[in-house]
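Here's a quick briefing to read alongside the model. Have the sequence and the 3D view open as you go.

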Amino acid sequence: MGLCAGCGGERPADAARRAGTLLLGNGPEPESLDPHRSTSLPAFSVQMALFEGLVTPHPGTMEPMPGVAERWEISEDGRQYRFYLRNTARWSDGAPVTADDFVAAWCRALDPAGGSAYAAMLYSIQGAEDYHRGTGPLENLAVRAVSDDLLEIRLRQPTPYFLHLLMHPVCFPMPAHLRSVFPFSEQAVEWKAGDPFVGNGPFVLSAWRPGQVLEVEASSTYWDAEAVRLKRIHFMVIDEPGAEERAFLAGQLHVTDALPPARVEHYRASAEPAFRSDPFLATYYILPNHRRGPLSDQRVRAALSLSIDRESLVRHLLSGGERAADQFVPDTMPGYAGPGGGGEFDPDRARALLAEAGFPDGRGFPVLRYLYNSSESHRRIAEALQAMWQSELNVSIELVNQEWRTYLQSRENGAFDLARAVWIGDYPEPSSFLQLWESSHANNWTGWADPAYDTSMREAMGLADAADRSRVYALAERRLMEEAVILPLYFYVTNYLKDPALRGWYPTLLDWHPYKFLYFAE
């Protein structure tokens, strides 16, 4: 029996389907639509409708396809890229998209005064890292607009996955003809609710009602407008999976962002056609603040990790197909096995390490604050961890619940002892995960810095052969696990409900679904 059985009258989702409008559950409120000022998946999800990079992902394989660039050339040494831009590419205000828009955008992302969290994704470009760190001039950044429709890039070393990097929002162009968005260091529009917006993607922003919905409509200026079959998308702001599920059942959504873990088994057993469970390149982990008291001690961090029964957590609390994590890089990463060793459950060893650190049987151990954002599933995990640490180590943990934007700010500012976190791959290569823990990475919220780790990562990313890269990556990740820099909990799958009439939507490791290819079956 389908979910719609017995429903009377036309529901909002039915009317929207007829009108070519996709009602999409998008999780919490995006913090900004500016690709250089946001880090969350809800923000990325909307940005991928409003912008387009040089290349764009294939809807099924995620392999790079021509986007703003209709073709490109790569030199024999793998370091020189020449992108030929379409002369039909336009911004939503009608201005042409030019090579200067990419140069200006990447200079903005790398601005040392800006603090873009994803600037390190551009470090493959010669001169980028030095400029971003303030040790080299902007003139050495090897990105050049040869002409309006020709962009030339020189890499500091061959980077076989460079085209995949270019699909990330941090690599999207910025409208250089609108000087109000440049630079970071001066008063600039942040593209939050109510700010003027100009994009170059298949859709353009038409409304943003905070706490409710972001609405986009098909762009008349997009170079491939005839291929876009949806007329509108409503990105619904719903930060609780249970509320999303109820909205779907009530005919108010076509797709949910997630499902409550406790409901997954029900949908599996019922063979409901709307239920989807797809692989996902993502890891749920605990972030210890190494700058806070006992958490600066590797033995304490290791004790906390060893006292977590991950298998029990996954089996009894989640039951959605998630897998206990023994490392940070997901086990679905193509061509990479990793070192493992980060998910062992050994409470005896944990108690011994805590005693060595000066806290026998937990005596004298301070109360730590565990930060999580508002969500029933995050609350249940937090409570389970709190109980495990109390039972196995005799330590007390205070749970601190914050709404999404406040949680993001607290995490970024280091205002936590322990925090829940999720990292989702930005491209299908181990560096998408392992770069986070380099000393200067903007998303390294732990405060951990290790020159040996930085050296290993630089060595790995300079290797042309994928097997050689994976070998060095595994050595770096082993260091990460031995130091208990972070505490991995589980690898994701993405469980959600989707209207079977929505077509062009494929399971992908990155959970990206390029909107220009989506449509409803007649």
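Ala-271 is exposed, at a relative accessible area of 61% (exposed is over 50%, buried is under 20%, partly exposed is in between, using a 1.4 Å probe and protein chains only). You'll find Ala-271 in the loop between α7 (261-270) and β11 (275-288); helices (H or I, at least four residues) and strands (E, at least two) are DSSP runs, numbered from the N terminus.

Keep in mind that this is a predicted model: local features need pLDDT of at least 70 and side-chain atom pairs count only at pLDDT 80 or more, while totals for chains, interfaces and linings use all residues. Residues are numbered from 1 along each chain as its sequence is written, and side-chain values use heavy atoms, with hydrogens and water left out.

**Aromatic pairs**
- Searching the whole structure turns up 25 aromatic pairs (rings of Phe, Tyr and Trp, with the six-membered ring used for Trp, pair if their centres lie within 6.5 Å; planes under 30 degrees apart are stacked, over 60 edge-to-face, and the rest tilted).
- One of these is Tyr-222 with Trp-223, a tilted pair at 5.6 Å centre to centre and 50 degrees between the planes.
- Tyr-222 is buried at 3% relative accessible area, whereas Trp-223 is partly exposed at 23%.
- Phe-328 and Phe-433 have ring centres 5.5 Å apart and planes at 75 degrees, so this pair is edge-to-face.
- That pair ties together distant parts of the chain, 105 residues apart: Phe-328 is in the loop between β12 (323-324) and α10 (347-356), and Phe-433 is in helix α13 (residues 431-434).
- Phe-328 and Phe-433 are both buried.
- Trp-72, Tyr-81, Phe-83 and Phe-162 make up one aromatic cluster.

**Arginines over rings**
- Arg-86 lies over the face of Trp-223, 3.6 Å from the ring centre (a charge counts as over a ring if NZ of Lys or CZ of Arg is within 6 Å of the ring centre and within 35 degrees of the ring normal).
- Arg-411 does likewise with Trp-445, at 4.0 Å from the ring centre.

**Around strand β7**
- Four of the five residues in β7 (residues 150-154) are buried, which leaves the strand mostly covered.
- β5 (residues 80-85) runs antiparallel to β7, joined by five bridges (strands pair if DSSP finds at least two bridges between them), and Tyr-84 has Leu-150 as its bridge partner in β7.
- β6 (residues 143-147) is also antiparallel to β7, through four bridges; here Arg-144 has Glu-152 as its partner.
- A hairpin of two residues joins β6 to β7.
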